[in-house]
Amino acid sequence: MITLTNEERNLKNFINGEWTEVTNKEKVYNPANGEVIAEVPNSSAEAITQAAESAGIAQREWALVPAPQRAELLYKVGTMMKERKERLSQLLTLENGKVIEEARGEVQEGIDMAFYMAGEGRRLFGQTTPSELKDKFAMSERCPVGVVGIITPWNFPIAIATWKSFPAIVSGNAVIWKPSSETPLMANELARIFEEAGLPKGILHVVYGSGTTVGQAMIEHDAIRVISFTGSNETGRKVATECGKQLKKVSLEMGGKNAVIVMEDADIDLAVEGILWSAFGTSGQRCTACSRVIVHKAVRKTLEERLLEAMKNLTTGDGLDSNNKIGPIINQAGLDKILKYIEIGKEEGAKLAAGGKQLTVENYEKGFYFEPTLFTDVTIDMRIAQEEIFGPVVSLIEVNNFEEAIAANNKVKYGLSSSIFTQDVNRVFQAQRDLDTGIVYVNAGTTGAEIHLPFGGTKGTGNGHRDSGVQALDVFTEWKAVYVDYSGKLQRAQIDTDA
Ligand code: TXE
C-alpha cells in the first residue's frame with residue numbers, strides 16, 4: 001500500500017515559488033474505500049490576486065529566456081516524471097480510482113507531452129512571406145500571451161494538466177492552475193517536479209479551491225489573459241459567458257456522447273473488445289468514453305450476445321489491485337447521477353440488459369462502485385442516448401444501414417469522438433468525411449488519443465480550440481506580424497504597389 005508524505009497529506013497552495021498554508025481546508029477521499037487521504041486548501045479569491053501579481057512579474061523574465069532553454073526544463077520534467085512514474089501512477093489511482101494500468105497510461109501521456117513540447121521549443125515556427133513592396137520583409141511570429149489560467153477536472157488529473165501547462169510554459173507564459181479539489185495530489189506532484197527541475201519562481205502557481213470562488217477569480221483577474229478549461233458542458237458555458245464579459249480568450253473542452261458504429265461486415269470480436277475498453281475504462285468517466293453503440297440490424301443480436309458475455313468478465317474493485325478491470329466512480333454525486341440516468345432509461349422504455357445497480361465490494365463497502373451496464377432497445381432521441389452520464393453505462397441503438405448509422409452518430413449536441421468498425425474501405429473514407437466529431441477512429445474504440453494530434457471536438461464539445469498537438473500552441477500564443485522596410489524611403493502598402 002502506498003504511503004503519503006506529510007506534505008501530500010496536508011496540501012498547500014504553490015504561489016510564487018512558496019508552499020502557502022491555507023486555514024480553510026477540505027477532505028480528499030479515496031473513492032475505492034471512502035477513506036480520507038489528504039486535506040486540500042479551499043482558497044479565497046485573494047490567493048488568485050497574489051498568484052496573478054507575481055506571475056505577471058515572473059513571466060516578463062521567462063519570456064526573455066530563449067525557447068530552447070525553456071524547453072530543456074520541460075525535458076527535465078519529463079525525465080523526472082519517467083523516474084517517478086510508478087509512484088505517480090499509484091497516487092493517481094488512490095485519488096481518482098482508475099485501475100493502475102490506466103493510471104500508468106495517463107502518467108505516460110504526461111511524459112510524452114513533456115518530451116513533445118520540449119521539441120516545440122526548437123520549432124515554435126512563425127512564417128516568412130514576400131512583401132507586396134520592394135525591399136521590404138514580412139513575417140509573423142508566435143508570442144506568449146502573458147499569464148494564463150488553466151482549470152482542470154478530476155477524471156484525467158495529470159494528463160489534461162500537461163496538455164495545457166506544457167505548451168503554455170514552453171511558449172513563455174506563466175501559468176495559474178486550479179485543479180479539481182477531488183484530485184489535488186497530481187497537482188502537488190507536478191508542481192514539486194517543476195520546482196525541483198528549477199522552474200523560476202512565479203511561472204507555475206497551483207491554487208486549490210472551488211470553481212465559483214477561485215475559478216471565477218481567475219476569470220475576473222485582468223492579468224490572466226487566457227482561460228483553458230476542461231469539464232462539464234454546464235460549467236464550460238458559464239466559464240465562456242464570464243470570459244466573454246471580460247473579452248478574455250477561452251478554450252473549452254466539454255465532453256461528449258461518443259458512439260461506436262458496428263457495421264454488418266465488422267469483425268465482431270474486435271468490436272466487442274473496442275467497446276469494452278472505451279465504454280468501461282475509467283468506469284466510463286472519460287470525455288471520449290463510448291456511451292452509445294450504433295449497430296447494423298444484421299449483426300445486432302450477435303454483438304449484443306457477445307458483449308453481454310464479455311461484460312461478465314469485467315471485475316470491479318479497488319484500482320490498485322491489478323486483477324480489477326474497473327475501478328470506482330469518483331464520488332457519491334457521480335454515483336447519484338448515474339443512478340438517476342438508470343431510472344430515466346427505464347422510464348423511457350429502454351431495456352436494462354445488464355447491470356444498472358450500485359455495487360458493494362467486499363472490504364471496500366464505503367467505495368463508490370457501479371455495475372457495468374447495458375441498455376438495449378434504445379432509440380436515438382432518448383435522454384440516455386443524448387446526455388453525458390459519465391459512468392459505465394452503454395446504450396445499444398439498432399440501425400438499418402450505413403446512412404442511418406452516420407445520422408444517429410451525428411444527432412447529438414456533442415462532437416468529440418466516434419468510431420466505426422467495418423472492413424469496407426469505401427465506407428471508412430465516407431465515415432471519416434461524414435462523422436462530425438473532432439476525433440474519428442476506424443476499427444478501434446472511441447478512446448486512445450495520442451498527444452501529438454489535436455484533441456477536442458465540434459458542436460457542444462468545445463469552442464473551436466484544441467488541446468495537445470501543435471494546435472495547443474494557438475491557445476497560448478498571440479500572432480505578431482512584423483514588417484521590415486529596408487528601402488530607405490516611405491513605402492505605402494496598397495498605394496505604392498504599382499511604383
Ligand atoms: O465538473 P465541473 P465536476 C462532467 C461529468 C461529471 C460532471 C460534474 O458528467 O459527472 O461534469 O463534474 C471548475 N467557474 N464532467 O463537478 O463542474 C471545477 O472546480 C470556473 C465531464 O467535476 O465542470 C473543476 O476544476 N471554474 C468532463 C472544473 O471546473 C469552475 C470532465 C470542472 O468542473 C466553475 C469533468 C466556475 N463557475 C466533469 N465551476 C469531461 N467530459 O471530461 C466549476 N469549476
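Analyst: Contact here means heavy atoms within 4.5 Å. The model is a predicted one. Leaving aside neighbours within four places in sequence, Arg 70 is in contact with Trp 62, Ala 63, Val 65, Leu 124, Ile 169, Val 170, Ser 171 and Gly 172.

User: Where is Arg 70 found in the secondary structure?

Analyst: Arg 70 belongs to helix H3, which covers residues 67-83. The protein chain comes to 15 helices and 23 strands.

User: Why is Arg 70 said to have no salt bridge?

Analyst: A salt bridge requires a side-chain nitrogen of Lys or Arg within 4 Å of a carboxyl oxygen of Asp or Glu. For the buried Arg 70, the nearest side chain of opposite charge is Glu 141, 9.4 Å away, so no salt bridge is assigned.

User: What does the side chain of Arg 70 reach at 3.3 Å, and what makes this a polar contact?

Analyst: The side chain of Arg 70 reaches the backbone oxygen of Ala 63 at 3.3 Å.

User: How do you know whether the radius of gyration of the protein chain agrees with that of a compact globule?

Analyst: For 499 residues, a compact globule would have a radius of gyration near 23 Å; the protein chain has 24 Å, and therefore agrees. Along its principal axes, the C-alpha trace spans about 80 × 65 × 40 Å.

User: What share of the residues count as buried?

Analyst: Of the 499 residues, 58% count as buried, the criterion being under 20% relative accessible area.

Conventions
Residues are numbered from 1 along each chain as its sequence is written. This is a predicted model: local features need pLDDT of at least 70, side-chain atom pairs count only at pLDDT 80 or more; totals for chains, interfaces and linings use all residues. Side-chain values use heavy atoms; hydrogens and water are left out. Helices (H or I, at least four residues) and strands (E, at least two) are DSSP runs, numbered from the N terminus. Buried means under 20% relative accessible area, exposed over 50%, partly exposed in between (1.4 Å probe, protein chains only). Lys and Arg count as positive and Asp and Glu as negative; His and the chain ends are not counted. A polar contact is a pair of N or O atoms within 3.5 Å; within protein, one must be able to donate a hydrogen and the other to accept it, and residues adjacent in sequence count only if both atoms are side-chain atoms. The radius of gyration is taken over C-alpha atoms; the globule rule is 2.2 Å times the number of residues to the power 0.38.
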